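The report below goes through a protein model from local backbone detail to sheets, helices, core and symmetry. Please keep the sequence and the 3D view open while reading.

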2 protein chains.
Amino acid sequence: MAESHTVAAAALRRFTASVFREAGMGEAHADTVAEVLVWANLRGNDGHGVQRIPRYIELIDEGSLNPRPQIAVRLETAAAVLIDADKGPGPVAMCRAADAAIAKARASGVGLALVRRTTHTAAIGYYTRRIAAADMAALAASASIPNMPYHGTRVAAVATSPLSLAVPSAGAPIVLDMATSVASLGRLAAFRRAGRQLPPGWALDEAGNPTTDAAAAELPLPLGGPKGAGLALMFELIASVLTGNPILAAAISEGGAAALHRQNGFLIAIDIARFGEAAQFRDGVARLVAVLKAQPRQVGFDEILMPGERGDRVHAERLAAGIPIPPATWNDLGRIAARFGVAMPAE
Amino acid sequence: MAESHTVAAAALRRFTASVFREAGMGEAHADTVAEVLVWANLRGNDGHGVQRIPRYIELIDEGSLNPRPQIAVRLETAAAVLIDADKGPGPVAMCRAADAAIAKARASGVGLALVRRTTHTAAIGYYTRRIAAADMAALAASASIPNMPYHGTRVAAVATSPLSLAVPSAGAPIVLDMATSVASLGRLAAFRRAGRQLPPGWALDEAGNPTTDAAAAELPLPLGGPKGAGLALMFELIASVLTGNPILAAAISEGGAAALHRQNGFLIAIDIARFGEAAQFRDGVARLVAVLKAQPRQVGFDEILMPGERGDRVHAERLAAGIPIPPATWNDLGRIAARFGVAMPAE
């Protein structure tokens with residue numbers, strides 16, 4: 001019978017960094033990718049955690065992900081940068097962009113970092129949280145190859161592009177991290193594994209018809225129909241078309257090489273201290289959180305949770321007890337470990 | 001029997017401006033409010049059109065809306081402004097803020113305008129469209145007194161704060177304008193008037209329980225539960241708490257004067273020409289639109305519509321044929337006209 005494994009975050013990070021070093025990344029880049037993937041696992045967001053390692057390796061093998069990128073600022077204004085990520089790892093490009101947005105906001109009140117030619121963004125809340133940790137408000141979104149219908153199409157025509165907003169607080173930072181689909185691909189997969197029926201309105205099947213059969217679900221539907229589809233479209237227009245690296249039009253109409261993995265993104269930072277007292281802002285956030293949590297609840301709700309709060313709790317638990325790795329992921333990582341001659345993480 | 005009335009946009013604008021001049025606004029401010037309200041009517045967004053005039057007058061009467069505001073820039077950085085709207089009309093404050101964001105973006109690549117102490121925003125897409133007309137990408141949101149449950153509360157705890165994104169195009173500009181609720185208050189009212197049952201998940205009744213009875217619906221539910229509620233929360237934190245004018249915490253916990261009408265907002269502009277060729281951007285947008293429209297459609301869809309496209313069509317129709325004013329609104333406007341000694345618009 002397949003065994004479950006539990007690994008300490010530090011050991012999982014070391015393993016992940018070793019794999020990516022062996023796959024050709026420099027040490028600092030490998031460390032950043034390991035940090036961001038394992039962070040997602042710590043928060044219970046396993047779909048963006050180490051289960052992605054085999055896919056990242058595939059992307060390196062096919063040439064979609066450059067393990068030795070020359071990431072460079074292509075254009076710069078008083079408040080903005082356009083960064084070309086040279087197909088480097090998404091976590092490396094997005095951390096660099098977050099830091100650039102922070103620096104620009106420090107100088108000019110608001111900072112924008114546009115990122116072209118990046119790869120899998122991983123958990124986008126990592127980068128907005130990084131900006132919030134610098135006492136700034138943050139907004140970030142990314143664009144990718146099509147995997148979701150546009151409102152009314154029966155084929156994939158936009159991406160389940162995530163949107164994240166974050167602010168610091170006197171308590172835990174508030175970090176909203178949401179897909180533009182009703183349910184993420186990971187959530188559809190979880191229903192499939194559990195043999196559960198999907199609620200109506202979540203997915204289309206391979207033929208482009210609505211389905212509640214999780215096993216037949218192929219395409220996640222956009223959140224609120226035209227709203228989620230519209231957001232995904234706008235993120236492509238700003239992250240991709242504006243940066244001169246459009247993804248969707250060619251991926252949909254040409255396919256083939258034009259549909260290979262690639263992403264673009266953007267981050268905005270607002271320097272809170274330029275508009276008032278940062279401490280007063282953090283207190284104001286905490287006050288509203290306290291008020292919201294004290295409100296009478298709907299039937300079926302035991303408590304009122306803030307954006308990111310559930311993940312914060314899982315983070316605390318997994319930091320103490322370790323990260324559970326399901327058997328299928330463990331086997332995948334075993335194959336990767338063998339290929340690169342890296343020892344599996346200690347349990 | 002109650003009669004329907006049809007009025008040319010220009011006549012309706014003249015009427016609206018006259019009312020607001022008589023109610024104490026300066027000529028330029030009255031013209032701007034008339035322009036923005038009638039624009040919403042032209043686009044078929046009647047809930048943000050002239051039916052709001054009686055409410056605006058109430059707001060002036062109760063002191064929530066200042067018809068003679070001293071709107072001023074309170075803080076300024078290289079890329080941002082904080083504007084205090086002095087409780088002036090939302091359309092005036094938001095137009096001024098949009099122009100400030102454009103000027104800052106022209107100077108610094110990206111521009112942020114934070115707006116504190118404004119009033120009813122009206123159709124937020126007006127302001128992002130204004131930014132798009134300056135060949136910039138735009139994002140705007142606003143915050144208001146509570147009228148929507150936070151995810152899990154049985155009482156109003158956040159607002160149905162709208163979000164808008166816009167970009168120019170070689171065709172019509174693409175303008176997404178969405179509430180953070182599943183359905184707007186106006187849409188709930190339309191179901192009520194039509195005697196139609198609401199879909200599940202749209203609303204709570206007065207006691208805070210889910211209802212599909214449109215007549216009993218009191219609170220619109222947030223889009224996608226924690227997603228829409230999270231967006232509304234983040235907009236309050238950025239537009240209100242960051243600008244030193246928090247709305248929700250006191251409105252929820254104190255009520256009374258703290259729950260009187262007030263709003264805050266923010267707009268971001270990105271100067272496309274600083275990052276590439278604006279003409280190439282507009283062509284890229286139009287190319288993606290053409291590709292999306294050509295995709296195979298789901299059953300029940302006659303065509304694929306872009307954000308704002310339906311409103312563009314109504315705009316063209318109503319510009320030619322006039323704006324229909326339902327009997328109830330006509331009667332309300334008649335009372336306002338009598339009070340201020342203004343002639344009703346010619347039909």
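A:Asp135 lies in the loop between helix H5 (125-133) and strand S5 (136-143) of chain A. Helices (H or I, at least four residues) and strands (E, at least two) are DSSP runs, numbered from the N terminus. The model is predicted: local features need pLDDT of at least 70, side-chain atom pairs count only at pLDDT 80 or more, and totals for chains, interfaces and linings use all residues. Residues are numbered from 1 along each chain as its sequence is written, while chains are lettered from A and ligands numbered from 1 in the order in which they are written.

A:Asp135 is not a glycine, but has a positive phi of about 60°. Most residues other than glycine have a negative phi. In chain B, B:Asp135 lies in the loop between H5 and S5, and its phi is also positive, near 60°. A residue is called buried if 20 or more other C-beta atoms lie within 10 Å of its own, exposed if 12 or fewer, and partly exposed in between, with C-beta atoms placed from the backbone.

| Residue | Other C-beta atoms within 10 Å | Class |
|---|---|---|
| A:Asp135 | 18 | partly exposed |
| B:Asp135 | 18 | partly exposed |
| B:Glu303 | 8 | exposed |

B:Glu303 belongs to the loop between helix H9 (278-293) and helix H10 (309-321) of chain B.

**Sheets of chain B**

Seven-strand pairing comes first. An open sheet of 7 strands in chain B has the order S2-S3-S4-S13-S5-S8-S9, and its pairing is mixed. Two strands count as paired if DSSP finds at least two bridges between them.

Strand S5 (residues 136-143) and strand S8 (residues 163-167) of chain B are antiparallel and share 4 bridges; B:Leu139 has B:Leu165 of S8(B) as its bridge partner. S8(B) is also joined to S9(B) by 5 bridges, again in the antiparallel sense, and B:Ala166 stands opposite B:Val175 of S9(B). The two strands S8(B) and S9(B) form a hairpin with 6 residues between them.

Helix H5 (residues 125-132) of chain B lies across S5, S8, S9 and strand S13 (263-271), and runs at about 25° to S8(B). Axes here are lines fitted to C-alpha atoms, for helices over the stretch in contact, and angles run from 0 to 180 degrees between N-to-C directions.

Chain B also has an open sheet of 3 strands, ordered S11-S10-S12 with antiparallel pairing. Its edge strands are strand S11 (210-211) and strand S12 (217-220).

**Helix H3 of chain A**

In helix H3 (residues 53-62) of chain A, the residues A:Ile53, A:Tyr56, A:Ile57 and A:Leu59 are buried. Seen down the axis of H3(A), the buried residues fall within an arc of 155° and so line one face of the helix; the arc is that of the directions from the helix axis to the C-beta atoms. A:Glu58, A:Asp61 and A:Glu62 are exposed on the other side. The buried residues of H3(A) pack against helix H1 (9-22) and helix H11 (327-340) of chain A. Just after H3(A), A:Gly63 takes a positive phi of about 90°.

**Core and symmetry**

The largest nonpolar core has 246 residues, and those touching the most other members are A:Ala101, A:Ala138, A:Leu267, B:Ala101, B:Ala138 and B:Leu267. Such a core is a set of buried Ala, Val, Leu, Ile, Met, Phe, Trp, Tyr and Cys residues joined through C-beta atoms within 7 Å.

Chain A is superposed on chain B by a rotation of 180° with 0.0 Å of shift along its axis (RMSD 0.0 Å). That is the relation of a two-fold axis.

Technical notes: Contact = placed C-beta atoms within 7 Å. Least-squares fit on C-alpha atoms with pLDDT ≥ 70 in both.
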